[in-house]
Structure formats: structure tokens, C-alpha cells
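Open the model in your viewer and keep the selection panel at hand. The stops below say what to select next and what is there.

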Amino acid sequence: MNALSRRSLRWLAPAAAVLAALLLWQLATAGGLFRADQFPTMTDTMIALGKAVASPLYWAAIGATVQAWFLGLVIASVLAIVIGSALAFNDFAFRSAASVIEIFKAIPAIAILPLVILVLGSTLPMKVFLIAFGVFWPLVIQVIYGVRSMDPTVLDTSKALGVRGVWRFFVVVIPSASPYIATGLRIASASALILAVVSELVGGASGIGRNILQAQNGGTAAYPVMYAYIITAGLIGIILTGAFFLLERNVMHWHESQRNIRSNSEGALK
Amino acid sequence: MTQTITPEIVPERAAGASIGETTDLLVSPRRVRSRGARVRNVLLAVWLPIALLVIWWFASASSTSPFFPPLSRILEEFWAQWIVGPASMQLGSSLRNLALGYLGGALIGVVFGTLLWRFPPVRQVSNPLIYFLYVLPAPALLPAMIALFGIGELRQIALISFGAIWPTLLNTLDGMRGLDQVKFDTARAMKLSPVRQLFSLVLPGASPQIAAGLRASLQTSIILMVVTEMVAAKQGIGYFILQAQTVFAITTMWTGILMLAIIGTAANYLFVGVERIVLRWYYRSRALNNS
């Protein structure tokens, strides 16, 4: 009973907090703290969100954003895993490339956005290129670290067992580095979404970001729509980041790093 | 192998929704011993960037593509715009916004992260809201902020701060939650006051992870600095780049990109430098454990 009530409390308290926040929003806007042309009321925004959900345009915008996010992430991670593993196995290559990777990682990806818009236009390839470029560098660092931190005994054992070539890559190297890669992917997923929104906001490619800007340009009457799309952007973030978070916890549970963390966090709960 | 610290692998991320990269190719715990080895290391680190620059120089020398002007022309224009020219004023505005926004956000993140750690009920209640604000792509808020505050530097700084809060806050919280309970028992036995505990146990103990959060916040801040200038400002380096693109002054645009690359790299190195000094004890103890 005690465990059950504690469990329900864990769900109820956050839900109540969300509700309270929404109510506060309604009170602040309807009560006149903000003017309607600055900040729409919660109910107006929810009505706008409900209307938007019913229209195919809404889903097309979500689709455009998520598609770019997905393609950019896939391209960047394939490249990062291949190049990162290759660099990790060769000390000379690793030490030579490290500074280049650090420099490119430090360049904010949106710096090249105007150039990419010029070359590729306000298109899907433009978004995908920007996302892949921005996400590749931190990811490749994670991969290099993951592969380099591999237990040498594991590698020697696999050699002794005659596991070699591509087979060793997929069966030994990738699984050993997978916690690092999973973490890298979760971080990359968040930045990929930011870059997708920026490329729509600044670059005018279709998607959530452009719809937010259009609603803002549409004047006061469209503000509820704008906030509806902002909420949508947050919800997409929750779903995408949450997916990687669950992946990290549930797919990686066999890895020793996760085992330790599990037992630690269970210890912390009591 | 009796150490009971959390595993080196992905230390902070697995336990919570935090973001942040501790892994850094520049910070290696390995200490270089002889001078010869040090020279070799430096050579190893710099030959490839230099080679790439040389290749870029010669490959672009006869370039006729409008998008990729010769590097020599970019550098000339860079000198004319940023060193002796008018663009250096844009730089001042950008850096001021970045510094104020980042420091403000980081401070809020550490303070509120500590408060949330101290008061678990508040943490539980506010968890979904914080998570929502953390995953919400901050640039999406920009049009709303324009509607709310109009165009102005204060709003830019506010948005940069807003984006910088969450990685630091979540990492602060996670770092403090991951502290060893034995340490608190020791502190209690030593009858340390709560304030003493905070400054001599909690903050230092969580500092490696707070640093990871601060670094992630720095990257978010730089992105937001550029985006705010591109969408909603009449000055700054982002405005400069986009303006050059609009009038098709491609070489000028390239100088802006170059400047941003320099800012990003410099900010990163500055951060690593400060981190190395502040966390020297941590890297030392890690190096000892590893050897």
C-alpha cells in the first residue's frame, strides 16, 4: 500500500504541477498581467493547438522537421562511427585529427547556415547538411572515446578466438563502445532538433520553425497559433529525447557501466 | 580496484536527463614527461590543421565559384573588415551579449540546481516543467520573445540566459545527487555547518559535472547569440553574416564565418583553461587512479 501510494504520488505530483503551471498562465494573461497582444491566454492557445492538430498542415510541418532531424542524425552517426573507429585504432591518426575535430566542433554550425542556404537553397538537403555537420563532431569524439576505452582483454580475447575484420567491428568494437555512442546520440538528438528549428527559422525551410515565425508575422491574432507551435516543438523534443533516454537505459542495461549506475541509483532511492 | 566512485564511462548522463560532454580530446590526464615527447606531441597536434589550411589556400587560389572565393581574398577582406574596419564594433556587441547572457544563465543554473537538490519535494513537482523547458529547442522561443519584448539587447541577453540555464541546472542537480552518502556522514560527524558543507563538500564534489554542464551551456549560448542576431537584431556578428549573404557579398560573409569559428574556438579553449585550473585536483586524482 505504501509503495503503491508513493508510486501514484510520483505521477500525481508532476501532473498537478503541470496543471498548476497552466492555470497560472491563464490567470496571468486573463488577469491582465500581460496584454493579449503580448501573451495569449492559455485557453486561446489550447484552442489554437486543437485546431492545428486537426489540420494536415500541422502534421506536414512536424513531418518536415522530424524528417530532417532523422536524416541528419543517421548520416552523421554512420560517418561518426566509421571514421571514429578508424581514428581510434591508429594512434598517429587520432593525435593528428584530434585538433582538427576540436576546432570544427567549436565552430557553431549555424555560422555556416547562410553559406549552406546560398548553395543548397531553403530545402531539405540544406537542413540535413546543416544538422549532419553540426552533430558529426561531438559524435565522432564520443565514438573515439568509446572505442579507445575498450578493455584490451576483450580485444585480445576476440583476436585469440579468431574474430576479425568486419565481424569483429560489429560484434566486439561497436557493442563495447555503445554506451558512449548512445550518450552521444542523445546529445546529438537534442542539438539536431535545435538546428532543424534554426534552419527553418532563419533559412525559411518548411517545418515547425517556419510556422512559428509565420504566426508571429501574422500579427496579434495569430499569437495563440505561435504558442501552439512552440508547445509542439517542446513536445517533439520530449518524445525524441525521451526515446534516446529510454534506449540508453533499456538497451544498454547489459553493459557494466549501466549496471553500476543502476545499482547506485537504486541505492540512492532508499 | 577498490574505488567506489561512479564509473568513468558516461558518468553523468546515464542517471538523469542531463546534457553535457566531459569527454574532450584536449584534456588528457596523461602527463608528458620529456621535452622531446612534448615537442613531438605539439607537432602531431598542429601538422594536420596547417596542412588543411595550405590545401585550402592552393585549392581555392584559382577558384571561380562565387560561393568559394580564394582564401587569400577572404583573409584580405578579414583584415579590412575585422582588424582595421568597421566590423569590429559588431564583435563588441556580440561578445557582450554572449558574456552577460552566459554568465547570468550559468549562475541561475547552479543556484537553482543546488536549491532543487536541497529540496526534493520541489524537485519532484517541478521535474516535468524543467524537463519541458530543457528539451524545448530554445530558438523556437525567439519569435515569442520578439512579440513580448520587441527588439533590443536585453531580450537577446535574456534568451541566451534562458537557453544556458538548463544544461547547467540539470548537471548541477545530477552531480549533487551522485555524491557519496558516506561523505555526508563524515561531515555530520565533523559537525560541519550546512553552509560549510555546501562549500567544502557539495559544490567541490559536484564540480566535475557542473563543469560539464557549464560547457554544454556555453555551446548553447553561442548558438543562441548567433540566432538572436540573425533574426532579431541590427548589430552583432550573426546580423553581419546574414546581411552580407543578403547582398550577396560572399567574401564578406566568409570573414564573418571565420570570425565565428575563431570566437567558438577561443571560448572553448578559455573554458578548458579555466576548467583545468579549477579542477586541477580532480584531474590529478583521476590520473593517480588510472596509473
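**Stop 1: a loop in chain B**

Select K191(B). It counts as exposed because its relative accessibility is 74%; exposed means over 50% relative accessible area, buried under 20%, and partly exposed in between (1.4 Å probe, protein chains only). K191(B) lies in the loop between α7 (181–189) and α8 of chain B. Helices are DSSP runs of H or I with at least four residues, strands are runs of E with at least two, and both are numbered from the N terminus. Check the backbone: K191(B) is not a glycine, yet its phi is positive, about 55°. Most residues other than glycine have a negative phi.

A note on the model before moving on. This is a predicted model, where local features need pLDDT of at least 70 and side-chain atom pairs count only at pLDDT 80 or more, while totals for chains, interfaces and linings use all residues. Residues are numbered from 1 along each chain as its sequence is written, chains are lettered from A and ligands numbered from 1 in the order in which they are written, and side-chain values use heavy atoms, with hydrogens and water left out.

**Stop 2: into α9(B)**

Select G236(B), in the loop between α8 (194–232) and α9 (237–246) of chain B. Is G236(B) buried or exposed? G236(B) is buried, because its relative accessibility is 0%. Leaving out residues up to four places away in sequence, G236(B) touches Q90(B), S93(B), S94(B) and E229(B); contact means heavy atoms within 4.5 Å.

Seven of its ten residues are buried, so α9(B) is largely enclosed by the rest of the structure. The buried ones are I237(B), G238(B), F240(B), I241(B), L242(B), A244(B) and Q245(B). What covers them? The cover includes α5 (113–120) and α8 (165–203) of chain A. From chain B, it includes α2 (71–83), α3 (88–118), α8 and α10.

Step on to F248(B), which follows α9(B). F248(B) sits in the loop between α9 and α10 of chain B. Its phi is positive too, near 65°. F248(B) counts as partly exposed because its relative accessible area is 47%.

**Stop 3: where the chains meet**

Show both chains. In contact are 67 residues of chain B and 73 residues of chain A. The area buried between them is about 6,200 Å², with 75% from carbon and sulfur atoms. Buried area is the accessible area (1.4 Å probe) that two parts lose on being put together, summed over both.

On the side of chain B that touches chain A, the elements giving two or more residues are α1 (35–61), α4 (120–135), α5 (142–149), α8, α9 and α10 (250–278) of chain B. Which gives the largest share? Select α10(B), with nine residues. The residues on this side divide into 50 nonpolar, twelve polar and five charged. Here Ala, Val, Leu, Ile, Met, Phe, Trp, Tyr, Cys and Pro count as nonpolar, Asp, Glu, Lys and Arg as charged, and the others, Gly among them, as polar.

**Stop 4: chain A**

Chain A has eleven helices and zero strands. Buried residues make up 52% of its 270 residues.
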